[in-house]
Amino acid sequence: FGLPHVYEWARPEAAADPLLQRKAPYLNPTFFVARAAFYFAVWWLLVHLLNRWSAETDGGPDLRVERRLRGLSGAGLLLVGFTVTFSSVDWAMSLDPHWFSTVYGILFMVCQVLAAMSLVIVVVALLGGEEPLVRVVDRTVVHDLGKLLFAFVMLWGYISFAQFLIIWSANLPEEIPWYIRRLHGGWQWLALVLVVFQFVLPFSLLLSRTLKRNARALALVATGILAVRFADLLWLLGPDLHGHEHGFGASALLGDVAAFLAFGGLWTWAFARGLKSRPLLPVGDPEVRERLAASPRPEPAHG
């Protein structure tokens, strides 16, 4: 899997580092790959069961299936929380095995929710005029999505600043190099982009109630956040990756962009294919059926 090329702890010279030796029972290639397989198995199982049971409700209400969906979703949130935390530590934080942060997993979870909420808003704006979404997605729904996006923008800003403030105030030699690398060599400009375009600008725009009730305007903000998410991941991971040792360089950036477009393109294709194969709404859900029956065609949210 090329682990020694990416991770310092997987290289032979790690045996001479006392700290890495103490972490070896956890940071070793065999256990690393086994944990990765476990994470993907949990995620695949959750996706498979949620999709399967949701499809069963499309034929009509089924109380047993609905209870299974609710039970799996509750337990699934705990499983996702644990697996995202440990996978972010394994795949991202261990790029610098001498550094650690207790809020690192939470930061990645917030980033994922922020990206997911942005994607939902973009999809709603694109497909909100299609049946049966047009009878459910009104200005109130769009407003609720906008308020959730606003909340997660603030949460991202809070978690990111909290980590920085704690490390800066402690000023410990084993913690501050992580930020020093990200505030020099050109990376400081990318940090400024994140502050402006993933917090200050979205925060300011989402204060507007009018914008949050307009699907197209809200989707533009969400699209900008999705684009900046790539910059955020690059800032978090890039300074510790091979190819960026000498700063924020254009040659290494081309490979990062190519990888992002390749995997992002495959995911987008799979997502679009899934949208075509299933109803846009869980039509068997009692609340959705009641809403569809009571709202033949509300005022569109795209005005």
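Q: Why is Asp96 called buried in this predicted model?
A: The relative accessible area of Asp96 is 11%. Buried means under 20%. Asp96 therefore counts as buried.

Q: Where does Asp96 lie, and which residues does Asp96 touch, not counting those up to four places away in sequence?
A: Asp96 sits in the loop between H4 and helix H5 (104-127). Asp96 touches Trp178, Arg181 and Asp240. Contact here means heavy atoms within 4.5 Å.

Q: Why is Asn171 called exposed?
A: Its relative accessible area is 51%. The cut-off for exposed is over 50%, so Asn171 is exposed.

Q: What makes the phi of Asn171 worth a look?
A: Most residues other than glycine have a negative phi. Asn171 has a phi near 55 degrees, a positive value in a residue other than glycine. Asn171 is found in the loop between helix H6 (139-170) and helix H7 (176-182).

Q: Why does Val200 count as partly exposed?
A: Val200 has 39% relative accessibility. Buried is under 20%, exposed is over 50%, and partly exposed is in between. Val200 therefore counts as partly exposed.

Q: What surface patch includes Val200, and in which helix is Val200 placed?
A: Val200 is in helix H8 (residues 187-206). The patch is nonpolar and covers about 750 Å². Trp189, Leu192, Val193, Val195, Val196, Phe197, Val200, Leu201 and Leu205 make it.

Q: How do you know that the span of helix H3 agrees with its number of residues?
A: Helix H3 (residues 29-57) has 29 residues. The expected span is 1.5 Å times one less than the number of residues.

Q: Which residues of H3 are buried, and what covers them?
A: Phe32, Arg35, Ala36, Tyr39, Val42, Leu46, Leu49, Trp53, Ser54 and Thr57 are buried. Their cover includes helix H1 (3-6) and helix H4 (63-91).

Q: How do you know that the span of helix H10 agrees with its number of residues?
A: Helix H10 (residues 215-237) has 23 residues and should span 33 Å. Its end C-alpha atoms are 33 Å apart, so the span agrees.

Q: What makes Asn214 a cap of H10?
A: A side-chain oxygen of Asn214 lies 3.1 Å from the backbone nitrogen of Arg216. A polar contact needs N or O atoms within 3.5 Å.

Conventions:
Residues are numbered from 1 along each chain as its sequence is written. This is a predicted model: local features need pLDDT of at least 70, side-chain atom pairs count only at pLDDT 80 or more; totals for chains, interfaces and linings use all residues. Side-chain values use heavy atoms; hydrogens and water are left out. Patches are made of residues with over 30% relative accessible area and no salt bridge: like charges are joined within 9 Å, nonpolar side chains (Val, Leu, Ile, Met, Phe, Trp, Tyr) within 5 Å. Accessible areas come from the Shrake-Rupley method with a 1.4 Å probe; for residues, only the protein chains shown count as cover. A salt bridge is a side-chain nitrogen of Lys or Arg within 4 Å of a carboxyl oxygen of Asp or Glu. Helices (H or I, at least four residues) and strands (E, at least two) are DSSP runs, numbered from the N terminus. Buried means under 20% relative accessible area, exposed over 50%, partly exposed in between (1.4 Å probe, protein chains only). A polar contact is a pair of N or O atoms within 3.5 Å; within protein, one must be able to donate a hydrogen and the other to accept it, and residues adjacent in sequence count only if both atoms are side-chain atoms.
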